[in-house]
Amino acid sequence: MGASVKVACVGGGPAALYLSILLKRQDPSHDITVHERNPAGSTYGWGVTYWGGLLDKLRAGDPESARAISEHSVRWSDGVAHVGDRTTVHHGDEGHGIGRHRLLDILTHRAQSLGVRVEFESEITAAAQLPGADLIVAGDGVRSALRERHAGHFGPEVSIGRNKYIWLGTTKVFDSFTFAFTETAHGWIWCYGYRFSDEQSTCVVECSPETWTGLGLHEASEADGLALLERLFAGPLDGHRLIGRAKGDGSAQWLNFRTLTNRTWRRGNVVLLGDAAHTTHYSIGAGTTLALEDAIGLAGALRGSADGPPDLGPALARYERERRSALLSVQSAARYSAQWYENLPRYIGLDPAQMFALLGQRHSPLLPHIPPQLYYRIDRAAEQLEPLRRMKRWLGPRVARTLHGRTGAPRV
């Protein structure tokens with residue numbers, strides 16, 4: 001944007017805050033306000049995960065906030081899976097965790113230091129409330145009020161996942177990214193645990209709806225439900241407690257994951273960002289990364305707009321086109337990952353090392369169509385034989401395209 005513009009970001013999440021930082025660094029004369037409907041410090045959430053490649057992108061965009069995020073993150077390199085009383089370890093890529101509160105504090109303070117106004121308890125539900133804005137960024141989450149006001153234009157579609165899940169905290173500090181699968185009389189229930197500070201970890205619990213009702217979790221109070229989960233995962237938790245929402249934030253809720261897509265991400269001077277535009281299943285740990293990459297993509301597209309507000313249309317079109325393209329493979333991986341867990345009985349009877357190997361392959365479009373043990377043998381052989389590895393890489397996308405052709409082209 002060659003001329004100074006007035007930007008209103010609706011929603012004070014990581015994407016909107018980081019976008020405001022990038023735009024101010026591009027041109028300090030931009031007039032930017034972030035509107036957050038909740039009071040300062042009241043955000044819900046435990047820790048978020050990301051991988052090293054994101055830090056490289058953040059350093060390129062704003063070294064100062066990247067340095068603070070890195071300094072306040074914890075790291076791990078191993079994955080551990082507990083299947084009943086059996087355990088297996090996988091040595092993999094380095095992962096990072098940071099508390100959501102901490103991440104938002106870092107980005108808020110950095111944005112304010114650059115001259116961005118961050119207004120809390122400022123609820124915006126319609127573009128008409130922002131008459132002077134040249135650009136309105138809808139970063140107000142999966143249930144975006146700005147998007148829903150013009151749902152007929154944006155064309156949101158939501159696919160509801162089958163499994164039930166609940167997002168919890170715990171005082172158990174996991175040394176590795178931890179998976180724990182527990183068999184009950186009503187089926188399997190499992191959790192994903194990862195630390196985000198030196199005092200706490202995130203613990204996401206998931207199960208089929210049949211297991212959820214069979215265990216009585218559908219009618220249990222929060223306290224009784226947490227007590228039951230603590231008993232079921234007593235080994236991995238080492239006797240530590242599970243925590244629902246922070247005090248005053250209500251109770252933790254069991255949910256079904258909502259995969260959101262939109263027909264378009266823009267309407268006039270309004271553009272969707274992060275979860276308002278798209279969501280990806282939590283099992284691939286990419287939600288925050290993709291939101292921040294949206295901010296980087298939008299800031300980059302606007303930088304190429306040399307004539308100020310009149311040129312917003314092509315810039316927003318470029319942002320949507322480039323981000324949709326980047327998301328195709330990630331959304332596909334997320335769909336297959338969610339389906340892997342929804343079909344857990346297909347894999348849980350394998351030897352733990354084999355099961356964990358296929359857990360790492362859950363993004364593959366081939367895996368649902370090949371017997372698990374055969375797929376495992378092919379995968380191990382492919383590591384040794386380059387021609388087989390090339391065939392596996394060639395065949396996977398073609399299977400995915402064939403399946404997508406039967407069900408209609410996927411949207412992001």
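**Salt bridges and a helix contact in the predicted model**

The side chains of glutamate 320 and arginine 266 form a salt bridge with an N to O distance of 2.9 Å, the term denoting a side-chain nitrogen of Lys or Arg within 4 Å of a carboxyl oxygen of Asp or Glu. This pair links distant parts of the chain, since glutamate 320 lies in helix H11 (residues 312-342) and arginine 266 in strand E14 (residues 266-267), 54 residues apart; helices (H or I, at least four residues) and strands (E, at least two) are DSSP runs numbered from the N terminus. Glutamate 320 is buried at a relative accessible area of 6%, whereas arginine 266 is partly exposed at 31%, where buried means under 20% relative accessible area, exposed over 50%, and partly exposed in between (1.4 Å probe, protein chains only).

The structure is a predicted model, in which local features need pLDDT of at least 70 and side-chain atom pairs count only at pLDDT 80 or more, while totals for chains, interfaces and linings use all residues. Residues are numbered from 1 along each chain as its sequence is written, and side-chain values use heavy atoms, with hydrogens and water left out.

By the salt-bridge rule, the count comes to 17. Among them, glutamate 210 pairs with arginine 162, the closest N and O atoms being 2.4 Å apart; glutamate 210 belongs to helix H7 (residues 209-214) and arginine 162 to strand E8 (residues 157-170), 48 residues apart. Glutamate 210 is partly exposed at 44% relative accessibility, and arginine 162 is partly exposed at 40%.

In a contact between helices, defined by heavy atoms within 4.5 Å, Leu55, Leu58, Arg59 and Gly61 in H2 meet Pro63, Ala66, Ile69 and Ser70 in H3.
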